[in-house]
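Here's a quick tour for anyone meeting this structure for the first time. Have the viewer open as you read.

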Amino acid sequence: MSDFSAIFEKHSAVMLIIEPKTGNILQANSAAQHFYGFAEKKLESLAIQDINLLSVEQVASERALAKSEDRNYFIFRHKTSNGDIKTVSSHSIPITYNNKAVLFSIIQDVTSEREYQQALWHYQSNLENLVDKQVNEIDKTKKNLIQLLVIGLLLLSTLSLFLLFMLKRKNEAEAQRSLIAQIVEQSPVSIQTADLDGIITYVNKEFVKSSGFQATEVIGQKTNILKSGFHQSPLYENLWATITSGKHWVGEFYNQRKNGDNFWEKANVYPLKDAKNRITSYVGIKEDITQIKQDEKQLRLASTVFKTATEAVMVTDIDNNIVAVNQAFILITGYEEKEVLGKNPTLLSSGHHDTEFYQRMAADLESLGQWQGEICNRRKNGEVFYEWLSVTALRDEFGQLESYVSLFSDITKRKKAEDKIYRQANYDSLTGLANRNLFVDRFEHTLELAQRDNNRVAIFFIDLDGFKNVNDTFGHAKGDMLLKLTTERIKESVRKADTVSRLSGDEFAIILSGDNDVFSFEKIASQILDKIAKPFHLIEIEAYVTASIGISIFPDDGSTYEELLSKADSAMYKAKEKGKKNVQFFTKEMDIKAQQRRHLEVELRKVIVNKELILHYQPIHQVSSNKVVSAEALVRWLHPIKGLVPPADFIALAEDIGFITEIGDWVLEEACKQAKCWQSQFDLAPKISVNISSVQFQRQDFISKLETILAKTQLAPDSLILEMTESLLIQEDDQTLIQLSAIRAMGIELSIDDFGTGYSSLSYLKRFPISILKIDRAFIKDITFNAEDEALACAILSMAKSLGLKVVAEGVEDLAQCQLLTKHQCDYIQGYFFSRPLEEHAFIAYLNDNI
């Protein structure tokens, strides 16, 4: 909230932050202190009731009136320190400030406006009374003249004196009318009059100033001359129907000035009537509220993160009463906001936990200031659900408890999946593996995810070669023991997320998903073959078997369980035909790819020794200066025969074969060496940004390796930026925090690459010492014509700004994208709009023109 605090303090508008329940003024900006004449401490020791002269009943009446007139502000009477009484317009909205639900109020002095309006109607009323009185007196005069004619010449002198008196009264009335005209002309609000056909007959100076039109340009024109096209016709139809029926209309217009700029106006439109109550014309009194609208928009943006967080948020006061919840809370619990405000969180209790559980939670909050763990609660509809809950006790600068903030996510599906594992009906009684029924269920679920994420799914069909001989020779007991040991060896070769099943006898099947790289399937199959081929120690005997594996892949080979399992079975028989202990893909093309991959693996292990790796550099421009401030180092494989091999073709392979660490170390050292070279060539040399893989980062000697490279290249740590993916951070383990803190302490900046494409939990941004976010190109590609992409990018920028983080937008390819990101105050831009990744000499030439 640091940016909000700065805006709050420096803004010229009078702003107050108020505690909703007590009305206490928690914070006032400089404009408020000047307006009320109180020192900061004095003003922040008052309650709003101390300066508001309206009684509780009058405040309630004003709120009801505002609601009936459909306006979002209230008119109050406030007292200043010197005793002056001010008429003010108060705009208040609820926000979360310093993790506390408060009212944010913008106070506007409308004393002059109200006095002018009252004077205007007062003088108009006096003028109408004067006219009526004059008419009556003229009628009386006529009667007197008849009487005077009868009386004769004796009263002629008296009549002359009376006429002189009437002339004086007329002059006074004209002077009064002139005064009212001056007030209208000099009014700080826009005033215009129109005849019964809606033709403008008069505009004051403020109308000319706010609209940009001269009086001569609008008088004689229709009143819709300021229409912007924003409003639909029913608004104007309602306005016309209201004033032609003799009533007062109040509303807001989004109008357009003469120069094309749009602006908001609050309008009061009245019919003017003559002495016989007939409408003679109309008057419109309007006030520019564009700034108020913009302030309201800023407040909405400030609360966007709270409202749109995917994790449920619940805030309670020191008495543990709920004071605020977000939309995710409503979706997870089923309770609406109004149903829980003021209530104790125990309304969610399922009765699953005993008193001791909550006592331990309270003790941790008291001693550590936080608690986290798994808890079982109940939704509004009675359904029990599991959540992972984190509770933090918030304290003020004096250590006094202010409130509790709870964040939780629904983990019911995961719990149900864990419970399902223990249902023995779905598992093989001998090996503990999934049986055919569960295998089918898991496959259908995996298939849904693969279709959604555009991933491949592989089915392995495994048959043991020589098992029948073991079973027949040594008996079924030894055969069962071998099957159990085989199960363990298979499970060692796959991930926990993969499904291993025993279909029947010595036939096994595996579902592998979430990986588009067909070569990884072949690698896993080879590992399984090697493990199964090792001797089996069956107590007093030693047995040997091998395995044949057939592989079919979705969607290449089919889209149903039966089809894919049948094709994997066929591929398995092809493997047996090739001599057993073999792997066979269903399609020939995939076999060819697997062979190519094995050849590529051999070549990849030699790239560093053969000096076939090179670096390209993509410039990153600062938006405010348009200069290059850093560059991302991107590795390329310059194959002696194939030429440049794209990173997508060898980085994943390097990770699979465990060679990514060697490549990562080479890239880091070469990049640092190049950055140091730039510093000798340029006074304002760019920083270097290097991607770090999870495997490389999690290595225990990574910090010492980093220190060695910096010492060897003589590059200052503050010239280096390390980029890592979200997957490394969402684990949130203590070792990761220690490692990142050590890197940051060295002076190296840390950046999150491709932010928003993975599981973006907001908690790690607060916990880890991150300084830069990189918005993934997936959000940038359609940002100029996709409102959702623009909103997501804007939300990321707003959140980063609130957290004090810098933002780099990747994949910017055209001017429109660049301008839109500049509008939303993005810090840095990277992409083809400026430059593709460049080799060393081309990048230096680029720096000569852009640094």
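This is a predicted model: local features need pLDDT of at least 70, side-chain atom pairs count only at pLDDT 80 or more; totals for chains, interfaces and linings use all residues.

Residues are numbered from 1 along each chain as its sequence is written, and side-chain values use heavy atoms, with hydrogens and water left out. Helices (H or I, at least four residues) and strands (E, at least two) are DSSP runs, numbered from the N terminus.

- Five strands make up an open sheet in the order 7-6-10-9-8, and their pairing is antiparallel; two strands count as paired if DSSP finds at least two bridges between them.
- At the edges sit strand 7 (200–203) and strand 8 (249–256), each pairing on one side only.
- From one strand to the next, the twist averages 30 degrees; axes are lines fitted to C-alpha atoms, for helices over the stretch in contact, and angles run from 0 to 180 degrees between N-to-C directions.
- Strand 9 (residues 262–273) and strand 10 (residues 279–288) run antiparallel and are joined by nine bridges; look for Tyr270, whose bridge partner in strand 10 is Val283.
- Strand 8 and strand 9 pair in the antiparallel sense too, over eight bridges, and here Glu252 stands opposite Lys266 in strand 9.
- Five residues lie between the strands in the hairpin of strand 8 and strand 9, where Gly260 takes a positive phi near 95 degrees.
- In a regular strand, side chains alternate between the two faces of the sheet. In strand 8, the covered face has Trp249, Gly251, Phe253 and Asn255, while Val250, Glu252, Tyr254 and Gln256 are on the uncovered one.
- Helix 10 (residues 233–244) lies across strand 8, strand 9 and strand 10, at about 140 degrees to strand 8; contact means heavy atoms within 4.5 Å.

- Strand 16 (residues 457–465) runs antiparallel to strand 21, and nine bridges join them; Phe460 stands opposite Ile551 in strand 21.
- Among the buried residues of helix 20 are Val518, Phe521, Ile524, Ile528 and Ile532; buried means under 20% relative accessible area, exposed over 50%, and partly exposed in between (1.4 Å probe, protein chains only).

- Ser548 is in strand 21 (residues 546–554), and with 0% relative accessibility it counts as buried.
- Its side chain makes a polar contact with the side chain of Asp465 (3.0 Å). A polar contact is a pair of N or O atoms within 3.5 Å; within protein, one must be able to donate a hydrogen and the other to accept it, and residues adjacent in sequence count only if both atoms are side-chain atoms.
- Not counting residues up to four places away in sequence, Ser548 touches residues including Phe461, Met572 and Lys580.

**Helix 28**

- Thr736, Gln739, Leu740 and Ile743 are buried in helix 28.
- Looking down the axis of helix 28, the buried residues fall within an arc of 95 degrees, so they line one face; the arc is that of the directions from the helix axis to the C-beta atoms.
- Turned away from that buried side is a face with the exposed residues Asp734, Ile738 and Ala745.
- Just after helix 28, Gly747 has a positive phi of about 105 degrees.

**Loops worth a look**

- Phe554 and Pro555 are joined by a cis peptide bond, with omega about 5 degrees; Pro555 lies in the loop between strand 21 and helix 21 (561–577).
- Asn320 has a positive phi near 65 degrees and is partly exposed, with a relative accessible area of 30%.
- Ile539 has a positive phi near 60 degrees and is exposed, at 66% relative accessible area.
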